[in-house]
Amino acid sequence: MRTSIRTAGVLAALLVTGAAGCAGGRTAQDSPPSPVDLTGKVRLVSYTDCAEMTEGLRRAAARNVTPWGFGDAMLFAAREDAGGAKQAAPQPFSTTNTHEAGVDEPDLVKTDGDRVITVTGGVLRVADARTRRVTGTLRLVARDQWWAEADLLVDGDRALVLFQGGGIIPFGAMAKTRVGPDGPRYVLVDLSGEPRVLGAMTVHGQHVDARQSGSTVRLVVRSQPDVTFPTPKEGASEGEMLAANRRAVLATPADAWLPSYAIESGDGAGGAGRTERVGCDQVSHPDSFTGTSMLTVHTIDLAAAAPFGSASPIAVAADGDTVYGTAGSLYVTSNPRWWTARPVDVVPVPETSGPETSGPAPTPTAPPERTEVHRFDVSGPGAPRYVTSGTVPGRLLNQYSLSEYDGHLRVATTSGAEVFGRASEAPSESGVYVLDAGTLTPTGSVTGLGRGERIYSVRFTGGLGYVVTFRQTDPLYALDLRDPAAPKVTGELKITGFSAYLHPAGEGRLIGIGQEASGAGRALGTQISLFDVTDPAAPAVLSRFHRKDSGSEAEWDPHAFLYWPATGLAVLPLQSWAGGEVTESAALALRVGDREITRLGVVAHPKPAAKKGFAPDSQGIRRSLVIGGDLWTLSGAGLKVSDAATLADRAWIPFA
């Protein structure tokens, strides 16, 4: 599951509708922010052998097990290169909207200017950009699993399809049984002719995210140890249940912690294959860890003869929920756990391995609110190399809260914000922390942003940064980060509503996508803003477009946003509603000029027939892209080609 952007945006939309209280923007009259302790350091250490690994993980997990087991640690909600074509395309084309140039991210559609490759409803399709027709189709999952979410990464004539959920049944599998571990499934497809499956890998755990540089893909997976806990005896106290669970953990073999993965060859429908585990010598651990989760990074070279065997996976005894990648670095961060009545990481265990007490469990306290950051070197081929780790206070919103620049990592977080099940004891505030990228030790910070609010969007551009916080009004803070030791706020703009995503739009311009809001902080509908940030001391809003009672997927998933600088075309999915029902689902096209935003029009697709089952019908138009003078839009029903200048219909390509 990709939690880093999509879920965070949904939470933002939910929370803002009920926001109340006083705005807490930081002003020049506020007292200077108090210093923040950034001396905490996380150090990763490799295990010498399986015996050492097993003992260390057993004892850590025993300290953190509860009477109910490990529980499921809930995670906080939360392209310049779309794969090389065989030859340069004769017409310009857009690529996936990604965080960093040259680092591709998984998405529903990819193009090389000649082909449009999509995956919807468990079916991969290839459409020819010139003839505007589907030239290849490949069903990847059983028909009754048409709802399975999947994304794509492409390099030349090879595509990697990422099914994020577990329990996916390959199309054609015998007896409708799953193949390999019950977890995310990655299918390699040959696109040189009629699409065909070359192989697949299914892993134990949960998909976190993936990044691609050149032909190399890094998959990040999170897993929990496979511990069999005893069935509680009738009338057993919590202390007795806890003691029994600790005994089970301390008797669990090493394989329970080592993540497994199954590699299949051939058509990927359960053919010849093998099941492997991450080796003990490939596992590292921080100085302090819970033993209740493992983070694994798999490396796949799409250009290799055997992509799934191109490098051994590496693992870290840590949590991970947000991935940020550059050409040379892969960062995986772990947000603080959600507060629950019985957090899994605060239950003490006796120092000896003798019989545990069966008395009542101690009263839990809230876990510390800090984010761990792990950096891996991915500048070379093969498996990544662990570099270092560090921590910052608070929690991230998504990957855009991270940015590596000029040898430093900038991290924007919010501390003290209310989250589900956890009341804030002090007013929330946000900050930006600058760390040395080589050591992840702190070099500087600026805090005290948006007191009483939380971060809704972040964008770093070179030595500057922009942070939006919100509760009732939207302060957009402009930051000067060019001196890593002394980052500072240079300007602030307060307007109603908020921007959930910020997109650079040329020199001195930012596009904000979010919601207009009432004076009480209640969302009123999608709002697209054009900001002038030419003067860092005086950011200003130049133009705003508002559509009441509406929302856009681009608010929480930037992949849904298209900006074509050559013409100023901006396109985003838009759903409008009235009386609790969706009245329109289309793609909104805007023209973004130097000083104003104008409405170009909308593109709509035919509504598909309703499908049976529990899954919802088509979500409408999800993505858009430009090839030459054509605007392509994608929905579960098909692809539509429109004139990019006038939006006039040119072709409709239905998905059978």
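Predicted model: local features only at pLDDT ≥ 70, side-chain atom pairs only at ≥ 80, totals over all residues.

Numbering starts from 1 along each chain as its sequence is written, and side-chain values use heavy atoms, leaving out hydrogens and water.

**Exercise 1.** Find which residues touch the most other members of the largest nonpolar core.

*Solution.* 
- A nonpolar core is a set of buried Ala, Val, Leu, Ile, Met, Phe, Trp, Tyr and Cys residues joined through side-chain atoms within 4.5 Å.
- Buried means under 20% relative accessible area, exposed over 50%, partly exposed in between (1.4 Å probe, protein chains only).
- Among the 38 residues here, the answer is Leu160, Met201 and Leu219.

**Exercise 2.** Work out how exposed each partner is in the salt bridge of Arg130 with Asp114.

*Solution.* 
- A salt bridge puts a side-chain nitrogen of Lys or Arg within 4 Å of a carboxyl oxygen of Asp or Glu.
- For Arg130 and Asp114, the closest N and O atoms are 2.6 Å apart.
- Arg130 is partly exposed, because its relative accessibility is 44%.
- Asp114 is buried, because its value is 17%.

**Exercise 3.** Decide whether Asp209 and Arg211 are buried or exposed.

*Solution.* 
- The two form a salt bridge, with closest N and O atoms 3.1 Å apart.
- Asp209 has a relative accessible area of 2%, so Asp209 is buried.
- Arg211 comes in at 4%, so Arg211 is buried too.
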